[in-house]
Amino acid sequence: VQSALSGPGNGTEIIAQTDTDTCQRDSIRKLRPGCWLNDEVIHFFLQMLTKRDAIICGKEKSKKRSHFFKSFFITKLLDEACGYRYQNVKRWSKKVPGKDIFSLHNIIFPVNVGGVHWCCAVIYMEEHRIQFYDSMGGSGMRYLEGLQKYLKDEHLDKKKSELDMSDWTLVPSQASTPQQENSFDCGVFSCMFADFLSRDVPLTFTQEHVTQCRERIALSIMIGNALI
């Protein structure tokens with residue numbers, strides 16, 4: 001891992017690859033302390049979480065699958081210039097396990113706020129809750145309301161009926177959400193939100209664990225599967 005992070009080599013060299021994504025050496029290097037993560041690292045790590053989720057659900061037959069969208073989903077759903085646009089993402093659900101978002105356990109969304117800050121949003125399908133996780137304390141209500149509209153439109157489009165959301169709750173980022181203590185670790189925190197929440201475990205990490213978290217992300221990418 002340290003060789004990949006700090007060793008010599010062409011920055012455009014592909015260090016890891018899946019059927020749909022690649023991760024270059026320059027992107028892996030962004031997992032060194034003090035670096036802001038780019039979308040290539042985050043998206044590739046989410047692919048590793050997807051792979052782990054499939055393995056876990058394959059062993060635990062009663063457990064429903066989760067899905068990890070790329071950050072482009074939120075960018076297209078909530079267009080900065082035009083606002084909410086369901087039409088931009090109406091076909092994306094065809095790629096989820098079972099091709100039905102309403103049969104999933106959780107849906108996890110990395111959120112790139114203004115191109116400068118990474119957060120995470122989660123739809124807890126079975127618990128009827130949409131929650132935002134921001135390591136700098138933002139509420140995320142714009143994203144929660146957008147995802148609520150998405151669920152309504154998706155149900156109407158795919159199920160041909162209105163979704164009753166009277167018992168659903170929108171939960172802004174809480175005081176208990178782990179907080180970063182600098183301006184560059186938001187991507188690491190967002191990856192860990194996705195990692196921990198997809199396993200249904202408490203968010204027990206803090207700023208003190210960030211270097212270990214960066215190495216965890218790097219190792220998961222290098223070995224081709226997220227660590228359990």
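**Notebook: strand β7 and its sheet**

I looked up the sheet and found five strands in an open arrangement, ordered β3-β6-β7-β8-β9, with mixed pairing. The edge strands are β3 (67-68) and β9 (169-171), each with a single partner strand, so one side of each lacks a neighbour in the sheet. Helix α6 (residues 186-198) packs on the sheet and touches β3, β6, β7 and β8. Its direction makes about 15 degrees with that of β7.

Terms I used: strands (E, at least two residues) and helices (H or I, at least four) are DSSP runs, numbered from the N terminus. Strands pair if DSSP finds at least two bridges between them. Contact means heavy atoms within 4.5 Å. Axes are lines fitted to C-alpha atoms, for helices over the stretch in contact, with angles from 0 to 180 degrees between N-to-C directions.

This is a predicted model; local features need pLDDT of at least 70, side-chain atom pairs pLDDT 80 or more, while totals for chains, interfaces and linings use all residues. Residues are numbered from 1 along each chain, and side-chain values use heavy atoms, without hydrogens and water.

Next I checked the neighbours of β7. Strand β6 (residues 106-113) pairs antiparallel with β7 over eight bridges. Val111 has Cys119 as its bridge partner, and Asn112 stands opposite Trp118. On β8 (residues 129-133), I found five antiparallel bridges to β7. There, Ile123 stands opposite Ile130.

Last, burial (under 20% relative accessible area, 1.4 Å probe, protein chains only). Eight of the eight residues of β7 (residues 117-124) are buried, so the strand is largely enclosed by the rest of the structure.

Note on methods. Buried means under 20% relative accessible area, exposed over 50%, partly exposed in between (1.4 Å probe, protein chains only).
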